[in-house]
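Reader: I have a structure open and would like to go through it with you. Could we begin with one of the aromatic residues?

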Amino acid sequence: QPGQRDALASMAHDDARVPYDVAVERAVDVGLRRACYGALAGGASAFIFLRGPRARVAALAFGVGVGVGSAYEDAQRAFANVK
């Protein structure tokens, strides 16, 4: 039914606008979570594949950087929809 689709589309558009404090809370939560996941992934791969301590630290830092970069991109999208 066309009327129902329009109502659902308008609800989805209204839900896309979030208050500033909610966007900040989500950005911090996602940032910490993805940084930890990146550190775990980088640390695990460094422990398995690399021998030297400098190489392991580099792989760990790369994993954290990937996680933080991903969170930054997500935060930019979240703050684009702030009221």
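Reader: Is F79 buried, partly exposed or exposed in this model?

Author: The model is a predicted one. F79 has a relative accessibility of 33%, so the residue counts as partly exposed.

Reader: How many aromatic pairs does the structure hold?

Author: The structure holds one aromatic pair. Its members are Y20 and F79, with ring centres 5.8 Å apart. The planes of the two rings stand at 50°, so the pair is tilted. An angle under 30 degrees would have counted as stacked and one over 60 as edge-to-face.

Reader: Where do Y20 and F79 lie?

Author: Y20 belongs to helix α2, residues 20-49, whereas F79 belongs to helix α3, residues 53-80. The pair therefore ties together parts that are 59 residues apart in sequence.

Reader: And Y20, is that one buried or exposed?

Author: Y20 counts as exposed, because its relative accessibility is 52%. The cut-off for exposed is over 50%.

Reader: Which residues form the nonpolar patch on the surface?

Author: The patch is formed by Y20, V24, V28, L32 and F79, which together have about 470 Å² of accessible area. Helix α2 supplies the largest share of the patch, with four residues. V28, for example, lies in α2 and is partly exposed at 49% relative accessibility.

Reader: Let me step back. How many helices and strands are there in the protein?

Author: The protein has three helices and zero strands. Read from the N terminus, the order of the elements is α-α-α.

Reader: How much of the protein counts as buried?

Author: Of its 83 residues, 17% count as buried. The protein exposes about 6400 Å², and carbon and sulfur atoms supply 64% of that area.

Reader: Which residues are buried in α3, then?

Author: In α3 the buried residues are A59, G63, G67, A71 and A75. These buried residues pack against α2.

Reader: How far does α3 reach from its first C-alpha to its last?

Author: The helix α3 has 28 residues and reaches 41 Å between those two atoms. That is close to the 40 Å expected at 1.5 Å a residue.

Reader: New topic. How many salt bridges does the structure hold?

Author: There are three salt bridges in the structure. One of them joins the side chains of R33 and D29, with an N to O distance of 2.5 Å. Both residues lie in helix α2, four residues apart, which is about one turn of the helix. R33 is partly exposed, with a relative accessible area of 39%, and D29 is partly exposed as well, at 37%.

Reader: Which residues are linked in a network of salt bridges?

Author: The network links E73, D74 and R77. E73 and R77 form a salt bridge in which the closest N and O atoms are 3.1 Å apart. Those two residues are four residues apart in helix α3, so about one helical turn separates them. The side chains of D74 and R77 also meet in a salt bridge, at 3.5 Å from N to O. D74 and R77 are three residues apart in α3, again about one turn of the helix.

Reader: How exposed are E73, D74 and R77?

Author: E73 is partly exposed, with a relative accessible area of 44%. D74 is partly exposed at 24%, and R77 is partly exposed at 48%.

Reader: What share of the contacts in the protein with a separation of 6 or more comes from residues 24 or more positions apart?

Author: Residues 24 or more positions apart account for 74% of those contacts.

Key: Residues are numbered from 1 along each chain as its sequence is written. This is a predicted model: local features need pLDDT of at least 70, side-chain atom pairs count only at pLDDT 80 or more; totals for chains, interfaces and linings use all residues. Side-chain values use heavy atoms; hydrogens and water are left out. Rings of Phe, Tyr and Trp (its six-membered ring) pair if their centres lie within 6.5 Å; planes under 30 degrees apart count as stacked, over 60 as edge-to-face and the rest as tilted. Buried means under 20% relative accessible area, exposed over 50%, partly exposed in between (1.4 Å probe, protein chains only). Contact means heavy atoms within 4.5 Å. Accessible areas come from the Shrake-Rupley method with a 1.4 Å probe; for residues, only the protein chains shown count as cover. Patches are made of residues with over 30% relative accessible area and no salt bridge: like charges are joined within 9 Å, nonpolar side chains (Val, Leu, Ile, Met, Phe, Trp, Tyr) within 5 Å. A salt bridge is a side-chain nitrogen of Lys or Arg within 4 Å of a carboxyl oxygen of Asp or Glu. The expected span of a helix is 1.5 Å times one less than its number of residues.
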